[in-house]
Amino acid sequence: MGEKSRRNFLKTLGIAGAACTGIPSQKLISKTQPQLSEDRMGVLVDTTVCIGCRRCEWVCKKTHDIPAGEIESYSEESVFSKMRRPGNEGYTKVNRYDNYQNPSRPINVKVQCMHCDQPACVSACIVGAFSKKEDGSVVWDSNKCIGCRYCMVACPFQIPTFEYENALNPDIHKCDFCAERTEEGLLPACVDICPVEALTYGKRRDLIEVAEKRIKLYPDRYIDKIYGFTEVGGTSWMYLANTEFEKLDFPNLRDNPAPGVSESIQHGIFAYFVPPISLYALLGGIMWVTKKKNNNNGWNK
Ligand code: SF4
Ligand code: SF4
Ligand code: SF4
């Protein structure tokens, strides 16, 4: 299948307030989390296909105006000597693991936001800076962010990161599912550049069918599990692998949505620590005002 028809095929697969006001977090959730669309999009990551070229890392940076350097430098394999996490210097990272079944073919795992169907970050954010979109993406509005870092605590995959060096104007960073590209009908940049089709973009329900077919057709190649199908209520990004996901550093999560965890954090704090939270809300308010002021002054990029 040619490059153009591959893309067409893939496209046919689918293409400071709350604490002070006392608004129950459930109301914030229903306000920011729409009904999940049957047609929401996702990505299937096949770790048995990924060659660890890290082109996805490079293009993700380029797409988001993060200094990326030359693409040739990404063939340097010494980076695999330690585990790396997505951060504000790059929203996706590829890690490498030994393949005990086939030592000559190490396992490469691309990591980024999973774009959960019931995102804990959305639920935890007290000012609605995060939102789950109908197309499946979980995006954020840095103008609303007050730097409370609840999202960091709540995320079961430890994805959101902050610009700590910018204390007065904190800003959240994570994969945005290339929202600007997909709105224009383009593929997410990492999917587009992947030279071996390790990443498949499509409607989530179609991707599940694709994954099930691969597992059925190649039982020696895959374990019988699609990671993200049910974890924390399901995620838009899902994975196939030839070994247990725990061995590849995927967290062993239950099927119930993680917002339950973050809600209980919030409820616990709000219920039993009113004075500190009032102080916190005041500080949050000050940060918010400071941030808005900075933005008005053109300090924000
Ligand atoms: S571009 Fe594709 S093959 Fe290369 S590291 Fe990323 S996912 Fe793997
Ligand atoms: S992986 Fe974390 S940051 Fe991404 S949507 Fe899920 S909870 Fe939010
Ligand atoms: S979808 Fe876009 S933002 Fe997310 S990892 Fe891929 S290139 Fe980066």
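# Cavities, pockets and salt bridges of a predicted model

The second largest cavity is the space taken by ligand 2. This is a predicted model, in which local features need pLDDT of at least 70 and side-chain atom pairs count only at pLDDT 80 or more, while totals for chains, interfaces and linings use all residues. Residues are numbered from 1 along each chain as its sequence is written, chains are lettered from A and ligands numbered from 1 in the order in which they are written, and side-chain values use heavy atoms, with hydrogens and water left out.

## Cavities and ligands

A cavity is a set of points, on a 1 Å grid over the protein atoms alone, where a 1.4 Å probe fits but cannot get out; a pocket is an open set with protein on both sides within 12 Å along at least five of seven lines; and lining residues have an atom within 4 Å of a point. A molecule sits in such a space if more than half of its atoms lie within 2 Å of its grid points. For volumes, grid points are joined across faces, edges and corners, and the space filled by probe spheres set on the points is taken.

The second largest cavity is lined by 13 residues, and those nearest its centre are Cys113, Met114, Cys116, Cys121 and Cys155. Ligand 2 itself is surrounded by 13 residues, with Cys113, Met114, Cys116, Cys121 and Cys155 the closest; a residue counts as near a molecule if one of its heavy atoms lies within 4 Å of it. The shell around ligand 2 has eleven nonpolar, one polar and one charged residues. In this division Ala, Val, Leu, Ile, Met, Phe, Trp, Tyr, Cys and Pro count as nonpolar, Asp, Glu, Lys and Arg as charged, and the others, Gly among them, as polar.

The largest cavity has 15 lining residues, of which Cys50, Cys53, Cys56, Cys194 and Ala198 lie nearest its centre.

Ligand 3 has a shell that includes Cys60, Cys175, Cys178 and Cys190, together with His64, Asp176 and Trp237. By class, this shell around ligand 3 holds eight nonpolar, two polar and two charged residues.

## Pockets

| Space | Volume | Lining residues by class |
|---|---|---|
| Largest pocket | about 800 Å³ | eight nonpolar, seven polar, twelve charged |
| Second largest pocket | about 270 Å³ | twelve nonpolar, three polar, four charged |
| Largest cavity | about 110 Å³ | eleven nonpolar, one polar, three charged |
| Second largest cavity | about 90 Å³ | eleven nonpolar, one polar, one charged |

Of the 27 residues that line the largest pocket, His64, Tyr91, Trp140, Asp176 and Glu180 lie nearest its centre. Strand β5 (138-140) and helix α7 (179-183) each supply at least two residues of this lining, and α7 gives the most, with four residues. Helices (H or I, at least four residues) and strands (E, at least two) are DSSP runs, numbered from the N terminus.

The second largest pocket has a volume of about 270 Å³. Its lining comprises 19 residues, and Arg85, Val111, Asp249, Phe250 and Pro251 are the closest to its centre. Two or more residues of this lining come from each of β2 (93-97) and β3 (107-111). The largest share, three residues, belongs to β3.

## Salt bridges

The structure holds 13 salt bridges, each a side-chain nitrogen of Lys or Arg within 4 Å of a carboxyl oxygen of Asp or Glu.

In one of them, the side chains of Arg84 and Glu57 meet at 2.5 Å, N to O. Arg84 lies in the loop between α4 (55-63) and β2 and Glu57 in helix α4, so the pair ties together parts that are 27 residues apart in sequence. Both Arg84 and Glu57 are buried, a term for under 20% relative accessible area, with exposed meaning over 50% and partly exposed in between (1.4 Å probe, protein chains only).

Glu77 and Arg96 form another salt bridge, at 3.1 Å, N to O. Here the loop between α4 and β2 holds Glu77 and strand β2 holds Arg96, so parts 19 residues apart in sequence are tied together. Glu77 is partly exposed, with a relative accessible area of 47%, whereas Arg96 is buried at 18%.

A salt bridge also links Arg204 with Asp117, their closest N and O atoms being 3.7 Å apart. Because Arg204 lies in helix α9 (residues 204-217) and Asp117 in the loop between β3 and α5 (120-124), this pair ties together parts that are 87 residues apart in sequence. Arg204 is buried, with a relative accessible area of 7%, and Asp117 is buried, with 3%. Arg40, Asp117, Lys132 and Arg204 are joined into one network by salt bridges that share partners.
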